[in-house]
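Reader: I am new to this structure and would like to understand the words used to describe it. Could you take me through them with care?

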Amino acid sequence: MRVAIIGGGPGGLYAAALLKRLDPTREITVWERNAPDDTFGFGVVLSDETLGGIEHADPVVYEAMCAEFVRWDDIDIVHRGTRHTSGGHGFAALGRRRLLEILHERCRALGVELRFRAKAPHPEELAQTHDLVVAADGINSTTRETYADVFRPRVTTHRCRYIWLAADFAFDAFRFDIAETEHGVMQLHGYPYASDASTVIVEMREEVWQAAGFAELDEAGSVERCAKIFAEALRGRPLRSNKSAWTTFRTLTNEHWSHGTTVLLGDAAHTAHFSIGSGTKLAVEDALALAACLEEQPSLDKALAAYEEERRPVVASTQRAARASLEWFENLDLYLGQPARQFAFNLLTRSRRVTHDNLRLRDARFTGAVEREFGCPDGTPPMFTPLRLRGLTLRNRVVVSPMDMYSAVDGLPGDFHLVHLGARALGGAGLVMTEMVCVSAEGRITPGCTGLYTGEQADSWRRITDFVHAQSPGTAIGVQLGHSGRKGSTRLMWEGMDEPLEDGNWPLAAASALPYKPGSQVPRELTRAQLTDLREQFTAAAGRAAGAGFDLLELHCAHGYLLSGFLSPLTNRRTDAYGGSLENRLRFPLEVFDAVREIWPGEKPMTVRISATDWAAGGTSAEDAVGIARAFAAHGADAIDVSTGQVVCDERPDFGRSYQTPYADRIRHRVGVPVIAVGAISSWDDVNSLILAGRTDLCALARPHLYDPHWTLHAAAEQGYEGPGVAWPAPYRAGSRRPRTGRTDTPKQRLTLDGRRR
């Protein structure tokens, strides 16, 4: 096999060494346009996981790297003159130039041909003369651009400028330093990579960079200015550069990673923000996977497919974490007012890869100090601290999220709803929410939706609230009121979600006469008189909800239903006072809110659920969401329940772990109103992390409560918590500890006799 590798960075060189080591008969050539000692950046950080792979695959490279490593455990966060240190993290770094030297030596020893200061032939030419072409030519890959129609790259440019620099001394920890200047917030990321050298990255928002005058400075001027701004962190020492230039980070993804016999590797295939690790780490892991797949698979095409199948989900997960991290730094100014320890905890858990439980294992003293500052009594996880909303005190921060069950008849909640909601109330959550309860028969999504438009329905709900209050004292139950708008008159979810009924359809009404999707019924655009009727339907339902004994009322202004349809510019095309500007689009939802608030008992809280983005071009923006939340808060909303999407059928959500939380986080800090975070929050560790970091006040979980109605009780048991934040019902107390299981452990090997006389 003849192998051409384009790009002599760590990923390309390590791939060459591995492929040659696994099969010495391979003819492998590496083309690198720069000189052997040319490099950009300074230090490289590698994880223990990556190092383990290197050790197993090539002990020679591993041992050479280990001889150069600088290792440390601490992270220092310096903010407003206060330094907080968290230990137990474990880092290993070395100089990028030294890493390249190690890989050069290994490649030469194995017989790889290295061609420096050499432009690689055109990718098509290489593909004709070689059996495999590895494109490791970085973010600006010419190979990728040559076959852009096949790889289909997508580049997202972010909002911060940054520059790679170095200092001629070693930090004693991974250091984050925050500078609040007259121009805005700037941050320093620093870490040692040798006994006498550290990498220093200075980063700031584009508008801060412009205001500070960096655009007018040359390289030397920028270096000098950065050293002055962070003089305390640098102990008054200068910074140095290496062809350093201010740049904006770009996240790269590709729909496909291979084309024929050409395959992408490292930054040519994907990028991840430096704040959670290095591109070198991902490139080296790519090289390990590619070499292994070529060894394991019977043909080249299957090997390349296996390589992509193995690496794509790992890279996607890393990119999601990196995106969360870079956006945290982009919005750093939101968190400057947090207490110092909470700010440090928030920074450490920003990517969601480091969590409360994980950090407690690494550094129990630091995590305990954060908990005490937050107000957690000894032995109390953050999720089991109380929260007061108006006259209602929730005993913990867990909410059973509204979930449509589609199991009502003529809007009546029946035995199913009693058992469903009753079981979740017995399960320990602080607040149990109903599904969207419709304010009229025409406002139902499906024939199976519940309502509060008759007295009989109110009596049925009273049966459920009485059960919750009697059998699970301390648990609150809330009602979510809404109207389906253009998304009504559809089949039950399991019979065809959002599909029109085969017969028995009822007419729909919405902000504008726009169907939800092709084939959907076209709603009528509501007239002013009809808006008045609708508002009265909401107030009548609210009055029945109060009589039914609910503790909290939520107004559903999300997911493309009627009130949401007024808020989004994609669904509101009106030309009257209820359409156009955000102020106008808010008008009717606020009229409904005000009318309901007047009816709803003054001591009981009201929340509003919104879609903070439509996940579609031209839809609700992040700033719109803040404006919407601010308007409802000004009108008396006690909390904003922050969801996203489901407004238009062609949305493209960016799914991932707790993927909607950043929207709640932004609203909480920009508006100063309590928020409920929802969306792919599945573990009690996630809940503790989000609450303690100050990103949300409550966490609403849906599917986890379908999987386990006693999710909150089990979370308490697994954390060894027995305080007032959760209570096992008396008949269930015998089950408050995890059941014992049979032993599965085997005797540990204690003696090694190999090489001894037997």
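Predicted model: local features only at pLDDT ≥ 70, side-chain atom pairs only at ≥ 80, totals over all residues.

Reader: Why is Trp494 called exposed?

Author: The word exposed is for residues over 50% relative accessible area, buried for those under 20%, and partly exposed for those in between (1.4 Å probe, protein chains only). Trp494 has a relative accessible area of 54%, and is therefore exposed. Trp494 belongs to helix α17, residues 493–496, where a helix is a DSSP run of H or I with at least four residues, a strand is a run of E with at least two, and both are numbered from the N terminus.

Reader: Why is Ser86 called buried?

Author: Ser86 has a relative accessible area of 0%, and because buried means under 20%, Ser86 is buried. Ser86 is part of strand β6, residues 82–86. Between Ser86 and Arg360 there are 10.0 Å in space, C-alpha to C-alpha, although the two are 274 residues apart in sequence.

Reader: What makes helix α12 mostly covered?

Author: In helix α12, residues 340–348, seven of the nine residues are buried, and among them are Phe343, Phe345 and Leu347.

Reader: How do you know that the largest cavity has a lining, and what supplies it?

Author: On a 1 Å grid over the protein atoms alone, a cavity is a set of points where a 1.4 Å probe fits but cannot get out, and lining residues have an atom within 4 Å of a point. A volume is the space filled by probe spheres set on the points, which are joined across faces, edges and corners. The count comes to eight cavities of 30 Å³ or more, and the largest has a volume of about 160 Å³. Of the 13 residues that line the largest cavity, those closest to its centre are Ala324, Trp328, Tyr335, Pro662 and Asp665. Helices α11 (300–330) and α22 (661–671) each supply at least two residues of this lining, and α22 gives the largest share, four residues.

Reader: What is the volume of the second largest cavity, and which residues line it?

Author: The second largest cavity has a volume of about 80 Å³, and its lining includes Arg486, Asp498 and Tyr516.

Notes:
Residues numbered from 1 in each chain as written. Heavy atoms only, no water. 1 Å grid on protein atoms, 1.4 Å probe; cavity = no way out; pocket = protein on both sides within 12 Å on 5 of 7 lines; lining within 4 Å.
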